[in-house]
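Please look over the structure shown here, and then read the short briefing that follows.

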Amino acid sequence: MTSTVADQVRLYVVRGTAGEISEGIRNLISAGVLAPGDALPPIRALADDLEVHRNTVAGAYRLLVAAGVVETQGRRGSFVRAIPSLEGEGGIALPGSVDLASGNPDPALLPDLRASLDRTTYTPRLYGAAATEPLLDSWARSSIEDEVPRPCSITITNGAVDAVERLLTAHLTRGDAVAIEDPCFLASIGTLKANSFRAVPMDIDTSGITPQGLLRALESGVRAIICTPRAHNPTGVSMSADRAAILGSILAEFPHVLVIEDDHFSAVSSNRYCRLAPMSTTRWALVRSVSKFLGPDLRVAVVASDLDTGIRLSTHLRSGANWVSHLQQRLSAELLSDPTVIDGLANARAVYERRRTLLKSALSEHDIEVPDTFDGLNVWVPLDRDSEPIVERLAESGWLVRDGSQFSATPGQCHRALRVTASTITSDQAREFASALAEILASP
């Protein structure tokens, strides 16, 4: 491998500088000579073959890592970076199984978009029109003015995941460290992997991120923080006002850190929003998407942010080149202002709370306890043993759930827990699932 790579690199290298060696290896990757997962030669060996100093090759490898095309694995060496395998919500349920793994809302509790489309007062938009639908901008500002006591910019993105990715790439570079909750939302884990950001875990408890977890992350040099202020996925935890105040006082000592709050469950949450970012934070964003309560196919999120961040986001979402569909924006705004839909959201909030409680009570009857402070579409079930075999045995019994370890912020971290989607669960299903889980836990 060494001589082959060296010979191939020479085809692209006139002088043996770090930049030229880096470009030569990138060309080999682009040409398919080096495939994802292939090992690069040891630094000393390639330096000898190219007759350059080993520091030159080391510099070339650093450039490749910074570019996101190579990753280092300690003493194992350097490898061509493979496209990361990313977990996502949903999936196809197995025939004959009860799907308690999807993370989806109940379709019956979503508004009828077909009927709403017939009533939407939409005017076709052409290139050059304002990127933000005025009705949605007005709704956004009125809904957050009491929660964000400072000047802000409103930007519309294609959902929360798109918003978080745009925010990170607007302020950070590859390799930067980002603090995320542990366990963490699957999409946040995937966003960091896909963009070569380094995940730094923050412990959480029943009140949200722990002060010790936040401080450790900040002192390690993170450039950004992603948090879920309420209805945390997967645990259902919401940040208390007291905890938010403590975390805010810690963050006040690190004003340069970008703070992103993903308030994905806002309209149907059973808990009030408690703001994390203190007034001293210069770069911040509050993201509110609509997919959990208006429907996953409405890819719309409202981003309230500091003015500089708003400019950075709008540069990539400007009216003449790229924007979020005005039809989706208009439809979202009209739905969010419709008294019938608002009543439906209140009903959904009550139904989801009732179903979570239903599952918790059924589990409690078998001495399987879950925290009282939960919200959202799922219930987090802590276990006293490895969860993977439990998930497999439940699947064999016809119950599909998520393994808690899938939500680990960093590789190798094991969360002994199950995430059970309770959004559509019935009384009978809750009792039968709790009985099946108790039987598995009682067996050797």
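Ser266 is buried, because its relative accessible area is 17% and buried means under 20%, with exposed over 50% and partly exposed in between (1.4 Å probe, protein chains only). This is a predicted model, in which local features need pLDDT of at least 70 and side-chain atom pairs count only at pLDDT 80 or more, while totals for chains, interfaces and linings use all residues. Residues are numbered from 1 along each chain as its sequence is written, and side-chain values use heavy atoms, with hydrogens and water left out.

Confidence
- The mean pLDDT (the predictor's confidence in each residue, from 0 to 100) of the protein is 90, and 95% of its residues reach 70 or more.
- Confidence is lowest in helix 1 (residues 2-10), with a mean of 63, and highest in strand 9 (residues 258-262), at 98; helices (H or I, at least four residues) and strands (E, at least two) are DSSP runs, numbered from the N terminus.

Surroundings of Ser266
- Ser266 lies in the loop between strand 9 and strand 10.
- Leaving aside residues up to four places away in sequence, Ser266 touches Arg230, Arg288 and Phe293, where contact means heavy atoms within 4.5 Å.

Strand 10 and its partners
- In strand 10 (residues 284-289), six of six residues are buried; Trp284, Leu286 and Arg288 point one way, and Ala285, Val287 and Ser289 the other way.
- Strand 9 and strand 10 run parallel and are joined by four bridges, with Glu261 opposite Leu286; two strands pair if DSSP finds at least two bridges between them.
- Strand 10 and strand 11 (residues 301-305) run antiparallel and are joined by five bridges, and Arg288 has Val302 in strand 11 as its bridge partner.
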